[in-house]
Amino acid sequence: MHDAKTDAWAYWGKARPSEGTGGGYCHLLVYHALDVAAVGAMYLRRSPALRQWLRESLCIEDDSALLAWVTFWLALHDLGKFSLSFQSQRPDLVKILQGEWPPDVGAERVRHDTLGMGFWAEHLQDRAVDEGWFGPDADCITGVSSWAQAVTGHHGQPPQADATRHVRRHFRAVDVLAATAFVESMRTLFLTPEVTRFVSAMGAIRFEQVSQRLSWWVAGVAVLADWIGSNAAIFRYRDRATSPLADYWCEALGLAGQALDASGVLPAAIPAPLGFTALFPVLQTPSPLQQRAATMDLPAGPQIHLLEDVTGAGKTEAAMMLAHRLMASGVADGYFIGLPTMATANAMYGRLATLQARLFAGRASLVLAHGRKDLVEEFAASVIEPGDEERDAAQGDDTATSRCTRWLADHNKRALLAPAGVGTVDQALLAVLQGKHQSLRLLGLFRKVLIVDEVHACDDYMQGVLEALLEFHAMSGGSAILLSATLPARMKRALLKAYARGRGEAPPRLERSDYPLTTAWPGMGAGSALETPVATRSDVRRTVRIRWEPALSAVVAGVAEVLRAGQCVIWIRNTVSDALQARDLLADQVPAESITLFHARFTLGDRLDTEAKVLAQFGPESAPQDRRGRLLIATQVAEQSLDVDADLLVSDLAPMDRIIQRAGRLRRHTRDLDGRRCPPGQPDARGEPCLWVHGPAWTETPAADWFKQLLPKAAHVYADHSRLWLTAQQLQRGAFTMPDDARRLVEAVYGEDAELPAALESSNLRAVGKAYSDRSISKVHQISATSGYERSGTDWLSDTSAPSRLGDESVDVVLGRWAAERVIPWRDDKALHAWAYSTVRVPRRLLDEVPLPEDTGRQRAIEAAKETMPGGGRWVRLLVMADTGGVFTGEALAQPRGRLPAQCMHWRYDAAMGLVSVVPASDESK
């Protein structure tokens with residue numbers, strides 16, 4: 001018999017599962033510890049590349065020693081649950097297991113992850129040195145601490161830095177004995193002298209450096225193993241000691257295999273390499289860039305590629321061709337495509353859905369799958385079944401299943417765990433920022449091909465974070481493919497330098513300024529990058545005429561005239577407010593059914609529907625009857641990676657790279673006079689394309705408010721008005737030719753030698769200062785390979801603690817509707833995931849809090865609705881709209897400004913206009 005008051009068997013690890021799952025009233029802590037360790041061990045067994053990288057990094061000779069080492073640490077992940085403060089969250093269980101009610105803790109609540117690290121440092125670290133757990137060199141204990149930090153920080157963030165100060169108040173003497181006894185049993189089971197021999201062989205300094213670097217990925221394994229190992233449907237609860245630990249360990253390994261089989265996170269089998277036409281059957285003739293991607297020599301190891309070509313040249317297919325070849329040659333196990341916006345990510349899904357089956361030999365999750373109406377339902381079950389959420393009000397600590405449920409409810413994040421993923425680049429950037437679940441993202445990107453589309457769209461802050469991501473990705477043997485039509489030379493050099501830094505090598509030399517151009521660098525001592533000019537596909541080589549138009553009335557008249565002639569028009573504006581203004585100006589000249597408004601302030605479901613409508617009317621397969629007289633008024637969501645084609649394109653003045661991107665949506669596909677697609681090789685019958693640019697009257701000597709006078713709201717979006725003036729200067733030539741002028745246009749605006757008018761120098765200086773500041777802020781928020789998995793800088797509380805983008809802080813607003821006295825999702829037609837489809841992202845300065853109604857019945861209805869959301873609605877704002885004569889309206893409080901009280905904002909919403917503030921804000925963002 002076990003002494004119920006002193007041994008490790010008298011502690012619960014998981015409380016009674018929700019109804020519908022089997023097992024006892026709790027799961028003993030020792031069993032749960034082995035469940036999680038078994039999942040981690042089995043995950044490594046079935047992830048050969050990760051296992052080999054860890055083994056080679058630690059200079060461990062065989063897999064069994066590595067697995068035993070990692071398993072020992074994973075088994076210790078919940079040391080903090082031996083604390084009285086954790087156990088007493090369920091005093092009834094303590095009474096059952098230990099025979100008496102727990103005493104009052106009388107101490108502040110501290111999470112068990114921090115208590116676990118504190119226990120290691122206070123009670124085990126010196127003992128490990130004295131008893132030579134890790135060899136004779138006492139200095140190795142600093143490196144050992146990185147492993148303890150990584151596994152105890154399994155809730156998605158490192159333990160608090162001052163963990164030891166909490167230990168004595170939270171652990172009784174009996175708890176210390178029990179936890180120590182458990183660790184001794186884990187040593188006996190896993191940590192033999194043969195396993196730890198590598199520590200002394202490496203030497204303390206080298207072991208510390210390597211352990212600090214690896215800790216970021218080991219922490220990800222701990223988080224993932226804890227989630228999967230907490231699935232009560234597979235690891236059924238045992239409330240008594242029915243098996244010795246060694247016997248249970250064998251059983252847990254079998255259960256871990258079952259859990260991983262259902263998870264969708266393991267590497268998938270890769271087929272033999274295919275040629276271009278076999279990979280893309282509908283593209284019988286590859287473009288020069290695509291041909292280069294299909295035939296260029298590829299080195300054996302990790303590598304980085306930069307593909308620069310005009311819009312419409314097929315960069316995405318070229319990147320996927322390269323990714324396929326890297327995967328087929330054993331250099332990578334999967335891919336993740338990061339796009340600049342959610343809209344561009346949605347547009348990418350459909351292009352990859354049919355390709356997925358050819359990229360993998362077996363079943364492999366593509367997350368997000370594609371932009372069809374059943375989007376969320378399709379991928380909601382594709383990666384890790386989160387299990388029933390343990391809604392135990394007595395437990396102050398988040399349970400693993402509740403954390404898993406909340407995290408997976410954000411479907412962009414799931415894309416990083418699957419073998420193949422598509423999402424915004426932000427989801428990848430968060431892997432190297434100090435925020436919750438950073439380590440899981442980093443693990444998810446391990447040995448994937450990281451593809452970043454429209455890389456030039458990164459601002460200074462994002463570029464700094466992207467450089468850190470490339471460094472970490474290269475450090476772990478990842479490959480990268482960066483795509484751009486307009487990449488400034490200085491940015492190109494910086495990105496390659498970051499990747500080289502991760503490889504521990506000097507950055508490659510760049511020598512060519514040709515365009516289009518492919519740049520490849522494998523490292524391994526290659527001093528120069530392989531830069532190869534490529535030709536441009538004939539149907540995207542063209543001259544675009546520029547019409548500069550300062551008068552808004554002339555733009556409106558011109559658009560209306562083209563629409564009356566039966567052609568289609570896209571007008572890209574710089575802010576939501578300006579897009580709404582354009583719609584109002586054209587409302588009495590164009591039938592309402594012919595106008596589509598497209599911006600970022602639609603719910604997910606309505607935005608997907610709008611995207612489908614836009615692609616049907618302006619996309620590559622649009623027919624004359626689909627296009628005739630159609631007008632799309634959009635913000636920046638339409639300027640990148642959206643395959644649309646306008647007869648006339650109008651753009652507000654924006655920086656040169658944005659203008660070039662927008663021009664790529666002008667007569668993108670060759671068509672006849674009626675708008676019907678032409679056969680390959682046939683010229684476009686619509687004549688020379690003309691881009692209208694709405695901007696201030698041109699002058700060589702602009703005033704300081706030259707841009708702001710005409711477009712006051714956009715002045716905040718593009719704050720460096722000197723770059724706008726330089727763009728306007730280039731456009732005064734009246735035309736540009738692609739690809740011949742691409743490099744010149746970009747460097748004329750972003751190059752270091754550009755001459756600025758005196759009145760705009762202050763704008764430029766402010767922008768330069770902000771750029772330096774933004775880069776510095778990005779450094780503060782980034783994780784550090786040299787410090788290891790520990791807290792510094794930010795508080796790590798959430799994904800937004802260290803944002804992937806600077807600017808307006810945004811919040812997720814979930815729209816509901818009153819139906820009698822119930823609250824239903826705006827898109828209640830979407831069944832199980834209706835709340836996800838009813839979500840829109842809004843700047844917090846405009847919508848900060850939603851006050852509860854005075855009516856108590858309605859308050860209860862709102863709380864009931866939140867209970868049906870992942871995480872109980874704690875991470876979103878629920879804005880319930882009321883039907884007021886056919887118009888849905890609601891009220892919310894804006895973010896307070898200074899000492900002024902929060903302003904009450906009135907909002908209206910419909911599927912055609914989006915979420916619109918009735919009380920105008922001083923500055924609407926895009």
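Visitor: How many salt bridges does the count come to?
Guide: The count comes to 47 salt bridges. Keep in mind that this is a predicted model.

Visitor: Give me one pair. What does the side chain of E639 meet in a salt bridge?
Guide: The side chain of R662, at 2.8 Å from N to O.

Visitor: Where do E639 and R662 lie?
Guide: E639 lies in the loop between strand 14 (631-634) and strand 15 (648-652), and R662 in helix 28 (residues 656-663), so the pair ties together parts that are 23 residues apart in sequence.

Visitor: And is E639 buried or exposed? What about R662?
Guide: E639 is buried, at a relative accessible area of 0%. R662 is buried too, with 0%.

Visitor: Another one. What about R858 and E821?
Guide: Their side chains form a salt bridge of 3.3 Å, N to O. This pair links distant parts of the chain, 37 residues apart: R858 is in helix 34 (residues 856-867), while E821 is in the loop between strand 18 (810-819) and strand 19 (822-825).

Visitor: How accessible are R858 and E821?
Guide: R858 is partly exposed at 25% relative accessibility, and E821 is partly exposed at 48%.

Visitor: Switching to R676. Which side chain does R676 meet in a salt bridge?
Guide: That of D672, with 3.1 Å from N to O. R676 is partly exposed, its relative accessible area being 43%.

Visitor: Last topic, networks. Which residues are linked in a network of salt bridges?
Guide: One such network links R627, D645, D647, R671, D684 and R686.

Key: Residues are numbered from 1 along each chain as its sequence is written. This is a predicted model: local features need pLDDT of at least 70, side-chain atom pairs count only at pLDDT 80 or more; totals for chains, interfaces and linings use all residues. Side-chain values use heavy atoms; hydrogens and water are left out. A salt bridge is a side-chain nitrogen of Lys or Arg within 4 Å of a carboxyl oxygen of Asp or Glu. Helices (H or I, at least four residues) and strands (E, at least two) are DSSP runs, numbered from the N terminus. Buried means under 20% relative accessible area, exposed over 50%, partly exposed in between (1.4 Å probe, protein chains only).
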